[in-house]
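Please examine the sequence and the model displayed below before reading on. The explanation then moves from the whole chain to a single position.

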Amino acid sequence: MAGGVELETANQRINEGVTAGNDYIDNLESIRNELSTADGEGASLGVMVGAQLKMTEIETQYMVRSGIPKKASSANMQAAQEVKKAAG
């Protein structure tokens, strides 16, 4: 599936969650690096505000990307419980 996410198997859902977490950490490290200055003077207010906006954006992306596999897993577990109940 081009540009999509496969969530049919548990491994696919786990991998998507891990990828979301890894990307989140990489993005946070990138922002931290932008705030670091070679002269030790610290970042300007504008740079700090920009970093806060970026952090909000990547946090939102992470919540969506990690939430989709969780939702799919929950739906699968619920369906399995219904099958189990029906089987008696």
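The paragraphs that follow describe the overall form, the surface and one residue in turn.

The model shown here is predicted. Its protein chain contains two helices and zero strands. How far does the C-alpha trace span along its principal axes? The spans are about 70 × 25 × 20 Å.

The contacts within the chain may be considered next. Among contacts with a separation of 6 or more, 63% are made by residues 24 or more positions apart.

The surface comes next. Of the 88 residues in the protein chain, 12% are buried. The accessible surface amounts to about 6700 Å², and carbon and sulfur atoms supply 57% of this area. The protein chain also carries 12 negative and 8 positive side chains. The centres of these two sets are 13 Å apart.

One position may now be considered individually. Glycine 17 belongs to helix H1, which comprises residues 10–35. Is glycine 17 buried, exposed or partly exposed? Its relative accessible area is 27%, so glycine 17 counts as partly exposed, because this class lies between the limits of 20% and 50%. Glycine 17 also illustrates how sequence and space can be compared: arginine 65 is 48 residues away in sequence, yet the C-alpha to C-alpha distance between the two is 7.2 Å.

Technical notes
Residues numbered from 1 in each chain as written. Predicted model: local features only at pLDDT ≥ 70, side-chain atom pairs only at ≥ 80, totals over all residues. Heavy atoms only, no water. Helix = DSSP H or I, 4+ residues; strand = E, 2+ residues; numbered from the N terminus. Buried < 20%, exposed > 50% of the residue type's maximum accessible area, 1.4 Å probe, protein only. Contact = heavy atoms within 4.5 Å. Areas by Shrake-Rupley, 256 points an atom, 1.4 Å probe, with all protein chains shown as cover. Lys, Arg positive; Asp, Glu negative; His and termini not counted. Charge placed at Lys NZ, Arg CZ, Asp CG, Glu CD.
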